[in-house]
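Hi everyone, thanks for coming. I'd like to walk you through a structure that may be new to you, so please have it open as we go.

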Amino acid sequence: MVRMRMSNLLIAVCLMFVRGNSKTVPVGPYKDQLLNLHNAYRLMQGAADMQALVWDDQLSKEAQAWTQRCVFEHQKKGRGENLAYDTHRKTNEELINSSMKAWYDEIKDYNYYGKQCYRSCHYTQIVWAKTRKVGCAIEKCDSMSTFGRMSKNAWYLACFYDPMGNNMSEYPYQKGEACTKCFKKQSCEKGLCTGVEACEDYDENCNYWATNGECKKNPKFMSPKCRKSCGICH
């Protein structure tokens, strides 16, 4: 019991030390760059139902709290997540461009009809048609935990998404002429569906699951599938 407590204490001290050697980069000046890159990649898919992403400050705050730990790992708490880090000296703009490109370039390993993303899950999250919101954060870490080792002078980018994508029982988007499968009352802007947020359930059991508390118990499943019953859209 004493050993467990000492181990937890050491982990906490290490995380505090890492946090003390990092610097948050204000994301405001790069918000348009990040949002425009996401939507440009989404437009390239030839999708009939692709939603235009909008920036979400709450997601950005959550991503910032996560990157400030300077630990390169996924949170896995009901948000879609794309993470990247780089130790090369570049401008913030260049690092955003190269990270986004690396995520999108996973398309070369993706099989649309196989549904499973395997090594392409960053790509599929970028182009997940039902995702509506994105928020990102940037942290400069003097020392960061990456895959069991410490990386010096690491630039850390995290983007969180809602609803999260990568439900492997679904296709990331429906192929077809742009905007031909937008939701009712939506409009088409530059080939993407815009306007009213889709507040729908995608399973006939959503209401039953919601009344049994699954929205809180199982948000990773319920958030994208039962938005209306869980009351998480407008």
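This is a predicted model: local features need pLDDT of at least 70, side-chain atom pairs count only at pLDDT 80 or more; totals for chains, interfaces and linings use all residues.

Why start with Asn-153? Most residues other than glycine have a negative phi. Asn-153, although not a glycine, has a positive phi of about 50 degrees. Asn-153 is also exposed, with a relative accessible area of 52%.

There is another residue like this. Phe-147 sits in the loop between β5 and β6, and its phi is near 55 degrees, again positive in a residue that is not glycine. At 65% relative accessibility, Phe-147 counts as exposed.

One more backbone detail, this time about a peptide bond. Most peptide bonds are trans. The bond that joins Asp-162 and Pro-163, however, is cis, with omega about -10 degrees. You'll find Pro-163 in the loop between β6 and β7.

Now let's turn to a helix. At the start of α3, a side-chain oxygen of Asp-56 comes to within 3.2 Å of the backbone nitrogen of Gln-58.

Next, please find Gln-186, in strand β7, residues 186-189. Is Gln-186 buried or exposed? With a relative accessibility of 14%, Gln-186 counts as buried, the cut-off being under 20%. Its side chain makes a polar contact of 2.7 Å with the side chain of Gln-51. Beyond its sequence neighbours within four places, Gln-186 touches several residues, including Arg-132, Cys-193 and Val-196.

Let's finish with the spaces in the model. The largest pocket holds about 410 Å³. It is lined by 18 residues, and Arg-79, Met-164, Gly-165, Asn-166 and Lys-220 lie nearest its centre. The elements giving two or more residues to this lining are β4 (80-86), α5 (121-126) and α8 (219-225). By class, the lining of the largest pocket has four nonpolar, nine polar and five charged residues.

The second largest pocket holds about 310 Å³, and 15 residues line it, with Asn-39 and Glu-189 among those nearest its centre. Which element gives the largest share of that lining? It is α2, with five residues. Here the classes are eight nonpolar, four polar and three charged.

Finally, the whole structure has two cavities of 30 Å³ or more. The second largest cavity has about 40 Å³ of space. Among the residues that line it are Trp-128, Glu-170 and Met-164, and Met-164 is one we met at the largest pocket, too.

That's the tour, and I'm happy to take questions.

Definitions and conventions: Residues are numbered from 1 along each chain as its sequence is written. Side-chain values use heavy atoms; hydrogens and water are left out. On a 1 Å grid over the protein atoms alone, a cavity is a set of points where a 1.4 Å probe fits but cannot get out, and a pocket is an open set with protein on both sides within 12 Å along at least five of seven lines; lining residues have an atom within 4 Å of a point. Grid points are joined across faces, edges and corners, and a volume is the space filled by probe spheres set on the points. Helices (H or I, at least four residues) and strands (E, at least two) are DSSP runs, numbered from the N terminus. Ala, Val, Leu, Ile, Met, Phe, Trp, Tyr, Cys and Pro count as nonpolar, Asp, Glu, Lys and Arg as charged, and the others, Gly among them, as polar. A polar contact is a pair of N or O atoms within 3.5 Å; within protein, one must be able to donate a hydrogen and the other to accept it, and residues adjacent in sequence count only if both atoms are side-chain atoms. Buried means under 20% relative accessible area, exposed over 50%, partly exposed in between (1.4 Å probe, protein chains only). Contact means heavy atoms within 4.5 Å.
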